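Let's take a friendly look at how charged side chains pair up in a protein. Here is the structure we will explore together.

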Amino acid sequence: MLDTNVIELTLNGIGASPGICIGKAYLVDNEGVDVVRKYFIEKENLRHETKRFKAAVKKARDELKLIIKNSNEELLQQSYILETHVVMLKDKMLYGKTIDTIEDEGINAEWALKKVVSNLKSMFQNMSDPYLKERAADIVQVSDLVMEKLVGAEAFNIADICKRVILIAYDLSPAKASQIQLEKIKGFVTNCGGRSSHTGIIARTLEIPAVLGLDNATEIIKNDDIIIVDGTTGAVIVHPTEETLVKYEERKIKYEEYRAALARKSHLVAETTDGFQLPVMGNIELPEEVVSVIDHGGDGIGLYRTEFQYLNSSVFPSEEELFNKYLEVVEVITPKPVTIRTLDINGDNAIAQVSNYDEAYPALGLRAIRYCLQNPGVFKTQIRAILRVAAHGDVRILIPMISSYDEVCETKRILNEVADSLDKEGAVFNRDVAVGIMIEVPSAVTMADVLAENVDFFSIGTNDLIQYSLAIDRENSSVAYLYNPLHPAIIRSIKHVADMAHEKGIKVFMCGEMASDPIYMPILLGLGLDELSMNPQSIPAVKSMVRSLNMGEIKLFMQDVLKQTSATSVMKLVQDTYGSIIYNKIYHE
Ligand code: PEP
Ligand code: MG
């Protein structure tokens, strides 16, 4: 029964997993585990204190392992997140450092853990790569679990929920989210987290609507409140009126029909009505994600970000470790192609233990290819692993952050040197690998004609290209309103890059987030993109959009697009011309 004395309220957060759900709120109060005090431990009791810490870690570890063992089918492919947490529990940076802090400072385990975690958290949060930045959340979740065991807090168990509800939580750790029983939870809303947080990844894997990053959700929403969660737009409506409820019920049905239709057709080729075929590939960070690319109809891997293996370790991974991980990907995706991007990480933060750097502007600092060229040993190890794995499938190499011709020459010199030495050793490898570069720095756009003569393909990284071209820190929320892929400067840059690539006879791909939004398809096709790569979940909708378009019509439409002088007018033009294709299906009113 609706309460007519309350007023409808719309809250806006980050739509992290699309879809709509309507139901009663169920509040989960798990705002970290608060440690109230620091105290000193007598020298003779320090051993006992470290033992207490080790026992808490063991309990946390056992609990995680049990959750992994009992994971249901859908979550099995995400269990790597929990496996990562198991590894993190024993990581030197967390485990070893906490023990050192207890012993060196003579303090209690809770306070030592809190101190170590707070340092690690700020280290991760200062990283320029958003993916790595979000790993700060993993550190907090892992340490919260240990803290629970240390202070003997009663763990909240999602598996105990016995009615169909929408979860409202301060944050949801992957361990907690993994216990969700699909038939009990309709959706979730959290105060913390963003689209690429693990909670978001899990929500998308389970295909449960989720709105995250809604600062004060747990304060505003009360138990049993009727709420609507729209994970597509990021809206959460509390106390909806009868009229709003009817409207969203209809939207929900339309959305479900739309998803079902997309899924049925996700394995069809993305071909325009006049016969232009566009390969639509998936971006991955971990080998486990390949399955998701295949399930969503991906034509291959257009971007394999290789940073994760370097992050989770206090030493650089060996050639064999890298080779084995890459082989996992190649074996699953073959005969489709996989594009392995070489290390794109900041030298100062990558491997904290061996860092000598302290950079004021990491995004403009010693990152990606710059770091690799200054650390040829690290680079060569990775190249050796890639050339070896290239003997087992269709592998391409992608070099990030190229800003000059000299960097291309130096990179190719190293590639040749590595190939020569593999040859001498009689190793099984493939030296004829396509070598492409990311176009994500404005100087690479300007030099596209020269660069195109020296590489096999381009892949436009719009995430960074927009940040550097428009001078907008992609992490700074106060200038986020200026971060617009449809800015005419960005459209012109993409056009120049595509024209130069085609003039020199190479292909041009896109693997930045711009490639994942169906509304941009008419423009990307019109600009001449030969292939797109995106998060796997976006593949079906992008393919479907491409199949509704006509290249002949797009050519005419582009003449108008190129005359526009602002992002707003480009958006209006594309919405007016093509918006109905997408929105009619979902939100036709
Ligand atoms: C990009 O910059 O668009 C890109 C794909 O790379 P990353 O997001 O990893 O910087
Ligand atoms: Mg980039």
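## What counts as a salt bridge

A salt bridge here is a side-chain nitrogen of Lys or Arg within 4 Å of a carboxyl oxygen of Asp or Glu. Side chains of opposite charge can pair when their charged atoms come close. Keep in mind that this is a predicted model. Searching the whole structure turns up 26 salt bridges.

## A link between two helices

Start with glutamate 105 and lysine 115, whose side chains form a salt bridge at 2.7 Å, N to O. Glutamate 105 belongs to helix α4 (residues 92–105) and lysine 115 to helix α5 (residues 109–125), so this pair ties together parts that are 10 residues apart in sequence.

How exposed are these two partners? Glutamate 105 is partly exposed, with a relative accessible area of 33%. Lysine 115 is also partly exposed, at 35%.

## A pair within one helix

Lysine 572 and aspartate 576 meet in a salt bridge too, at 2.7 Å, N to O. Both sit in helix α25 (residues 567–587), and because they are four residues apart there, about one helical turn separates them. Lysine 572 and aspartate 576 are both exposed.

Salt bridges can also share partners: Glu307, Arg341, Asp344, Arg367 and Asp464 are joined into one network in this way.

## One more pair to find

Now look for lysine 563 and aspartate 560, whose side chains meet in a salt bridge at 3.7 Å, N to O. Lysine 563 is exposed, with a relative accessible area of 61%, while aspartate 560 is partly exposed, at 35%.

Notes. Residues are numbered from 1 along each chain as its sequence is written. Chains are lettered from A and ligands numbered from 1 in the order in which they are written. This is a predicted model: local features need pLDDT of at least 70, side-chain atom pairs count only at pLDDT 80 or more; totals for chains, interfaces and linings use all residues. Side-chain values use heavy atoms; hydrogens and water are left out. Buried means under 20% relative accessible area, exposed over 50%, partly exposed in between (1.4 Å probe, protein chains only).
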